[in-house]
Every structure is written in C-alpha cells, then in structure tokens.
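Visitor: Please present the model, and then take my questions in turn.

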Amino acid sequence: MTGRILIIDADAAAGDALARRLEAAYLDARRLAPEAARALLSRAGREGEAGADPAADAPDLVLAAAASGGVALCRALKADPATAARPVVISAPRAAREVRLAALAAGADDLVAPETPEAELAARLRRLLRSKAMLDELRLREATALDLG
C-alpha cells in the first residue's frame, strides 16, 4: 500500500530530510514550498469538483509544518468539499500547545512533533493512508451503485 505524501515546509533542508526519511520507510514523499503546494492543491481541488480524475500528482496525504502556514492550509483544505477527505498532519513542537490546539480546531487528522521517531511517524502516516484508501473505495462503490441504479 502506497500513497503520495506531500510535505509542506518552508525550510527546504528540513523538508527534504523528512522526505528522505519517509522514502527510506518505503513511503512516496516529496517536499514543496508552501506557495507551490497551495497551487497544486488548489488545482487538484478544482479538477475533483469538475468530476474529472484528480491530478496525477495530487497527494493522498498532506504533512505540513505549522511554522509554514500549515494550520491555515489545513483549514482551507477541510473547508473545501473537494479536498476535505484528504488527511492532513500538522508538525508542531510539543511545547507549542496553542498551535497544536489551533491545528486540531482547523481539522487536522493528526499532530506530530518534529522529533517524532521515524518508525512512529511512518506508522501514523500509513494508518491515515489506509483510512483514505478505504474511504476512496467506499465512495467509488457508492458511485458505481448509483450509476447502476
């Protein structure tokens, strides 16, 4: 089971290092700067609304740093019906209680600290990817049942 993970981090070195760690755990991850990620997610949301297939490079899960505007991005994704089901994980220090509470209020599916061990992070992301895959399958079956009457 694989899924595309989009890492949003303004700190290129940290984001690229995280992507390499996730790839070592056999996860398909890539980092984008916040502006490029917003454009990509916006395009994928519009295509989904139009009934077309999502963009080939649209992620299955978003992992965003709180310091890179992750909470605002999460709020926007969860407010859009075309992207609301996409899991969003916010990375914020454990000591940043207000930021972590804001992320949960914005609809984040999980919170991780930057120092989360690689095995735990991979397990959390795989759990969310499995949940999304099951939800996608249920939606496909529902659409098929409706089409068949």
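**Burial, strand pairing and contacts**

Guide: Of the 149 residues of the protein chain, 40% count as buried, where buried means under 20% relative accessible area, exposed over 50% and partly exposed in between, with a 1.4 Å probe and protein chains only. The model is predicted, so local features need pLDDT of at least 70 and side-chain atom pairs count only at pLDDT 80 or more, while totals for chains, interfaces and linings use all residues. Residues are numbered from 1 along each chain as its sequence is written, and side-chain values use heavy atoms, with hydrogens and water left out.

Visitor: Which pattern does the protein chain follow along the sequence?

Guide: The protein chain has 5 helices and 5 strands. These are DSSP runs numbered from the N terminus: helices are H or I with at least four residues, strands E with at least two. Read along the sequence, the pattern is β-α-β-α-β-α-β-α-β-α.

Visitor: Which residue of β3 is the bridge partner of I5?

Guide: Strand β1 (residues 4–8) has 4 of its 5 residues buried. β1 is joined in parallel to strand β2 (residues 28–32) by 5 bridges, and pairs in the parallel sense with strand β3 (residues 61–65) over 4 bridges; two strands pair if DSSP finds at least two bridges between them. In β2, I5 has A29 as its bridge partner. In β3, the bridge partner of I5 is L61.

Visitor: What is the handedness of the β-α-β unit made by β1, helix α1 and β2?

Guide: Helix α1 spans residues 12–24. A crossover is right-handed if, with the strands pointing away from the viewer, the path from the first strand over the helix to the second runs clockwise. The unit of β1, α1 and β2 is right-handed.

Visitor: What separation do the C-alpha atoms of L22 and L121 have?

Guide: L22 lies in helix α1 and counts as buried because its relative accessible area is 1%. Leaving aside residues up to four places away in sequence, L22 touches I5, I7, L27, A29, L63, L121 and L125, a contact being heavy atoms within 4.5 Å. L22 and L121 are 99 residues apart along the chain, and their C-alpha atoms are separated by 8.5 Å.

Visitor: Is D60 buried or exposed?

Guide: D60 lies in the loop between α2 (34–49) and β3. Not counting residues up to four places away in sequence, D60 touches G3, R4, R86, P87, L129 and K132. Because its relative accessibility is 16%, D60 counts as buried.
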